[in-house]
Amino acid sequence: MLLILTACSTPGGGHAKRPDSAGTARKNTAPAATLATASEIDIWQRLRAGFAIDMPDDPQIDTELRWYVDHPLFLENAWGRGSRYLFHILNEVEKRGLPTELALLPIVESAFQPNAVSRSDAVGLWQFLAETGKDYGLQQTAWVDQRRDVIDSTRAALDYLDALGRQFNGDWTLALAAYNGGPGYISRMCQSNRGRGLGASFLDLPLRDETRCYVPKLLALRKLVEDPTRYGVSLPDIPNAPYFTTVAVEGPIRLDLLAAVEALSPDDIRALNAGFHRGSTPPGGPHRLLVPVEVAEQARQQLAILPRQATPLLAAASGLPATDLPQRRVQWRRHKVQPGETLTGVANRYRVSIAALRQANGLHTGMLKQGQDLMIPVAYAADMRPGPRRGCDGERVVHRIAAGDTLWGIARRYQVDAQQITACNPGLAGNALTVGKTVSIFRPAELTAVADATRRETYTVRSGDTAWRIAQNFGVSLEQLQRWNGDLRTQALKPGDRLTVIRGGS
């Protein structure tokens, strides 16, 4: 699972198999919290009212609590993302009569990032491994990964946690340890201890560090929510009301076309519909999209007109009159990668953006393999017939050559071909790079309908920081942080180092 790093924990793990069938079943003993949704009830009060996990006398809880207090940016960003999901998750927890501490578990798992991926390839808010996700009914196809969907993944996670609670006889510290380390692993630890005449509680077990620290992370969050003033922490004002609702759609539709709805931000579109990892709903249907409650009616109206006319937003994005645009939602073309082809070359051939290709094919790097099939999103461009390769057009970026720069490294950093750099910089003879000189980089113009507002920031590394923690604090991936900072060596950070972070960047 994706974890908040402390001195005793490392990321990784993920879900194991479903609870052992031989586990003892018992009715959940956690008291059910009253479903209080009246506006006068605070969402934090609802959480506190349903806390039901026995708090062990564990000094590691205070260690984890101090980490949260010392990293307010982490909590601020996590709560900000979680404000979209917390009401729904808490409702589902209460309906099942489960301890409401479980509504805070996505902070430990993913910092409320639906696209979070751990080193063990656990995915989503609740960090499901592929097999465990399938066990609990989460579809994973070329179009959809329900591990990233807030409604589907929450249902599956609470099914899993409910089963673990019953298997471990209502001992939620053991159930949570099993959610992290696997029920088979925890059961074996318990049996081993009993066989040696030892106790079999959470604190008695000789668990590996990751699992040993996992439960205290959640219980430390509980202590913060119980008494934030004591720890100098301010809880945000998260409304005790639904953030999102569903709208129905038929067939494939590009998610970014919803940005034509005033007050519907691209961040909301992506965060609420992360399960559609090609940026579009699949063929067939019907499907459901999630949108904020206050714009649901406008979203339905926008969806109703999409089959009949192209939107002004798409026209502006493509640079063509609306009358010249295809009168359709989304169509796809398949392309088989040929020897020597690059992502930039394929994007230029079909006149689509690199970002669109990466999003449509779930690509995390720019590397392509011979014979690989790519899906080309026809609706991202006005004309999908292969055209001439573009040269020195698009967004111009000026790069000042630094010591150690190579042509290949610069090309990789800006996601363009090295040949394109030499072609657009005639003075760059023989690939010779002179420190202090500048080269012009031309990046393909974006044809996506959503113009992502990016904000570049400089972060100064502090004592105890790691690249992974910094990425989590800013809500970005480690890969993005490395890309924005050249050949960043994640193990060589030291206090005072300055890193570039682009909020909303890709």
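This report describes the helices, strands and nonpolar cores of one predicted protein model.

## Basis of the model

The model is predicted: local features need pLDDT of at least 70, side-chain atom pairs count only at pLDDT 80 or more, and totals for chains, interfaces and linings use all residues. Residues are numbered from 1 along each chain as its sequence is written, and side-chain values use heavy atoms, with hydrogens and water left out.

## Overall composition

The chain contains 19 helices and 8 strands. Helices (H or I, at least four residues) and strands (E, at least two) are DSSP runs, numbered from the N terminus. Of the 506 residues in the chain, 53% count as buried; buried means under 20% relative accessible area, exposed over 50%, and partly exposed in between, with a 1.4 Å probe and protein chains only.

Contact means heavy atoms within 4.5 Å. Among contacts in the chain with a separation of 6 or more, 72% come from residues 24 or more positions apart.

## The enclosed helix α8

Helix α8 (residues 172-181) is largely enclosed by the rest of the structure, because 10 of its 10 residues are buried. Among them are W172, L174, Y179 and N180. The cover over the buried residues of α8 includes α5 (105-110), α7 (150-167), α9 (183-195) and α10 (209-226). Just after α8, G182 adopts a positive phi of about 105°.

## Helices α2 and α3

The axes of α2 (residues 59-70) and α3 (residues 72-82) come within 5 Å and cross at roughly 80°. Axes are lines fitted to C-alpha atoms, for helices over the stretch in contact, and angles run from 0 to 180 degrees between N-to-C directions. The two helices, α2 and α3, are therefore roughly perpendicular to each other (65 to 115 degrees; under 35 is roughly parallel, over 145 roughly antiparallel, the rest oblique).

In this contact, W67, Y68, V69 and D70 of α2 meet P72, F74 and L75 of α3.

## Strands β1 and β2

Strand β1 (residues 244-249) pairs with β2 in the antiparallel sense over 6 bridges; two strands pair if DSSP finds at least two bridges between them. T245 stands opposite V291 in β2. Strand β2 (residues 287-292) is mostly covered, with 5 of its 6 residues buried.

## Nonpolar cores

A nonpolar core is a set of buried Ala, Val, Leu, Ile, Met, Phe, Trp, Tyr and Cys residues joined through side-chain atoms within 4.5 Å. The largest has 73 residues, of which W126 and I186 touch the most other members. Apart from it lies another core of 17 residues, including I253, L289, V295 and L303.
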